[in-house]
Amino acid sequence: MRAETLAIHAGNLYESATKDVTAPINLSTTFLRNAEGGYSGGHMYSRMSNPNRSALEQTLTVLEKGVDACAFSSGNTAGMAVFQALKPGSHIIAPDDMYWGLKKVLLTIFADTIEVDFIDLTDIELIGKHIKKNTVLIWTETPSNPLLKITDIRTVAQLAKSKGLILACDSTFASPSLQTPITLGADIVMHSSTKYIGGHSDVLGGVLVTAQQNEFWERIRNIQQTGGAVPSPFDCFLLSRSLKTLAYRMKGHCENGLALALYLQKHSRIAQVFYPGLPHHPGHAIAKAQMTGFGGMLSILVKGNADDARKVVNKVKLFAQATSLGGVESLVEHRASVEGPNTKTPQNLIRISAGLEHIDDLIADFEQALT
């Protein structure tokens with residue numbers, strides 16, 4: 001079955017007395033034991049597992065071509081579970097253009113236990129030069145946030161395997177509909193399911209999918225079940241609902257993202273457009289090879305400084321000036337002001353999440369804001 005069909009049917013685990021077409025919400029926190037003390041229903045306690053979470057994890061496993069998945073209460077929590085599973089003193093190679101939330105996690109929460117080098121992961125030779133005796137993990141993010149850099153997953157995976165390293169890929173900007181890193185050689189793929197998987201800006205979540213159920217993955221599963229930072233049954237229900245339309249929503253996001261990028265790159269007030277769907281983008285060929293679409297995320301550099309960029313985001317009417325991305329509504333944000341004083345993001349950069357409104361309306365909104 002194709003991804004569109006699997007998204008609709010893979011999570012239908014239920015055979016209820018009322019013959020529900022859509023899996024109902026199961027709010028029970030505990031489940032009955034049988035006479036022998038076992039759990040014939042397959043669940044013991046909702047921190048460990050829940051029917052709605054099992055359905056969500058099964059669907060995401062299938063869509064990402066993996067063997068198992070762990071759903072978490074946020075994208076940051078999902079990433080943290082990977083870092084928690086590492087032994088103290090481990091060294092990580094991570095992208096210089098890493099999502100600031102997870103970068104903050106590494107620099108603060110794990111500052112005393114994990115060593116990190118933030119480098120340009122589009123440079124394979126540079127990655128090789130930073131591998132040390134205690135290096136255990138390469139963390140990639142492609143497309144990256146907010147500069148839309150493209151990492152060659154297959155090439156980095158070959159390097160990681162030759163050195164016995166784990167390769168994890170944050171594929172949030174791509175979504176399972178556009179990119180399956182496991183098929184390219186990644187060991188673990190991560191998503192902030194708050195974004196395109198949820199798709200409606202109304203649920204918080206994260207997920208990890210693994211290529212194999214090894215000892216490292218069992219550590220991650222233990223962190224999820226014992227630590228308990230898991231999404232609620234209702235959150236899982238909402239995410240499972242949204243997955244059914246993911247492939248079709250992504251087609252609209254990709255179409256609007258490309259159209260906006262083409263319009264903005266010709267505008268006299270825009271200095272640069274970062275979008276992998278544009279032929280001049282340095283990662284265009286790689287993105288074309290490993291993605292089925294270029295996504296709905298783009299960033300632009302407004303000619304001038306931070307004040308000039310702020311004037312634009314304060315003048316748009318249809319775009320909502322807000323953090324996050326991947327919802328049906330279009331969002332726009334002056335990114336550096338969110339990331340704080342130590343950010344390396346250009347002060348004149350605006351990050352755009354192209355929603356599913358009519359493209360003519362989105363372009364008209366930017367036209368009046370840039371006038």
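Predicted model: local features only at pLDDT ≥ 70, side-chain atom pairs only at ≥ 80, totals over all residues.
Reader: What makes the protein as compact as a globular protein of its length?
Author: The protein has 14 helices and 12 strands. Its radius of gyration is 21 Å, and the globule rule gives 21 Å for 371 residues, so the protein is as compact as a globular protein of that length.

Reader: Why is Ala 78 called buried?
Author: Buried means under 20% relative accessible area. Ala 78 has a relative accessible area of 0%, so Ala 78 is buried. Ala 78 is found in helix H3, residues 75-84.

Reader: Which residues is Ala 78 in contact with, leaving aside its neighbours within four places in sequence?
Author: They are Phe 72, Met 190, Gly 206, Val 207 and Leu 208.

Reader: How many aromatic pairs does a search of the whole structure find?
Author: The search finds five. One of the pairs is Phe 83 and Trp 139, with ring centres 5.2 Å apart.

Reader: Why is the pair of Phe 83 and Trp 139 called tilted?
Author: Planes under 30 degrees apart count as stacked, over 60 as edge-to-face and the rest as tilted. The planes of Phe 83 and Trp 139 are at 55 degrees, so the pair is tilted.

Reader: How do you know that this pair ties together parts that are apart in sequence?
Author: Phe 83 lies in helix H3 and Trp 139 in strand S4, residues 135-141, so the pair ties together parts that are 56 residues apart in sequence. Phe 83, Phe 110 and Trp 139 form one aromatic cluster.

Reader: Are Phe 83 and Trp 139 buried or exposed?
Author: Phe 83 is at 1% relative accessibility and counts as buried. Trp 139 is also at 1% relative accessibility and counts as buried.

Reader: What makes the pair of Phe 234 and Phe 237 stacked?
Author: The planes of the two rings are at 15 degrees, and planes under 30 degrees apart count as stacked, so the pair is stacked. The ring centres of Phe 234 and Phe 237 are 6.3 Å apart. Both residues lie in helix H9, residues 233-243, three residues apart, about one turn of the helix.

Reader: Why is Phe 234 called partly exposed?
Author: Buried means under 20%, exposed over 50%, and partly exposed in between. Phe 234 has a relative accessible area of 42%, so Phe 234 is partly exposed. Phe 237, at 23% relative accessibility, counts as partly exposed too.

How values were computed
Residues numbered from 1 in each chain as written. Heavy atoms only, no water. Helix = DSSP H or I, 4+ residues; strand = E, 2+ residues; numbered from the N terminus. Rg over C-alpha atoms; globule rule 2.2 N^0.38 Å. Buried < 20%, exposed > 50% of the residue type's maximum accessible area, 1.4 Å probe, protein only. Contact = heavy atoms within 4.5 Å. Phe/Tyr/Trp six-rings, centres within 6.5 Å; stacked < 30°, edge-to-face > 60°.
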